[in-house]
Amino acid sequence: MTNTSRALKTQLFLALFVCSCTSVNAGLNKFTDLILVEEWLIERKIDLTFEEIECRASIPSHANWFGARVRLGPNNELIKPIWITLKANQLLESKLAKVRELLDNCRSDFLFLPNNL
């Protein structure tokens, strides 16, 4: 083995080692964006204290704060603030069914692999 190839292997090993030591806290103990389906945003939070997975869906174009958005509640019921007007195609039952299916999938396991996008 030449000195050049040995040095490259050493550098590659060090780079992989440094990258593996960095921690990633995405979605842990706070909601983070998971996936955007049509205009619906699905967010996820993994609560390490209670070992629970929480997922929620909303249309973010109407408000910055989740509670002021058109959204699906904890039982997947549609919640629409009265001051928000929507286009007819935003609440199609086919879209809502797809979002509800993704929410159920999101809540079911730590590994989220969306089907049929």
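What share of the contacts in the chain with a separation of 6 or more is accounted for by residues 24 or more positions apart?

**View 1. Contacts and order of elements in the predicted chain.** Residues 24 or more positions apart account for 35% of the contacts with a separation of 6 or more, a contact being heavy atoms within 4.5 Å. The model is predicted, with local features needing pLDDT of at least 70 and side-chain atom pairs counting only at pLDDT 80 or more, while totals for chains, interfaces and linings use all residues. Residues are numbered from 1 along each chain as its sequence is written, and side-chain values use heavy atoms, with hydrogens and water left out. The chain has two helices and five strands, in the order α-β-β-β-β-β-α from the N terminus; these are DSSP runs (helices H or I, at least four residues; strands E, at least two).

**View 2. Burial and surface.** Of the 117 residues, 31% count as buried, that is, under 20% relative accessible area with a 1.4 Å probe and protein chains only. The accessible surface comes to about 8,100 Å² (Shrake-Rupley method, 1.4 Å probe), and 59% of this surface belongs to carbon and sulfur atoms.

**View 3. Lining of the largest pocket.** The lining includes Phe31, Phe66 and Arg107, and its largest share, four residues, comes from β3. Both β3 (52–59) and β4 (70–72) supply at least two lining residues each. By class, six lining residues are nonpolar, one is polar and four are charged, with Cys and Pro counted among the nonpolar and Gly among the polar.

Conventions
Buried means under 20% relative accessible area, exposed over 50%, partly exposed in between (1.4 Å probe, protein chains only). On a 1 Å grid over the protein atoms alone, a cavity is a set of points where a 1.4 Å probe fits but cannot get out, and a pocket is an open set with protein on both sides within 12 Å along at least five of seven lines; lining residues have an atom within 4 Å of a point.
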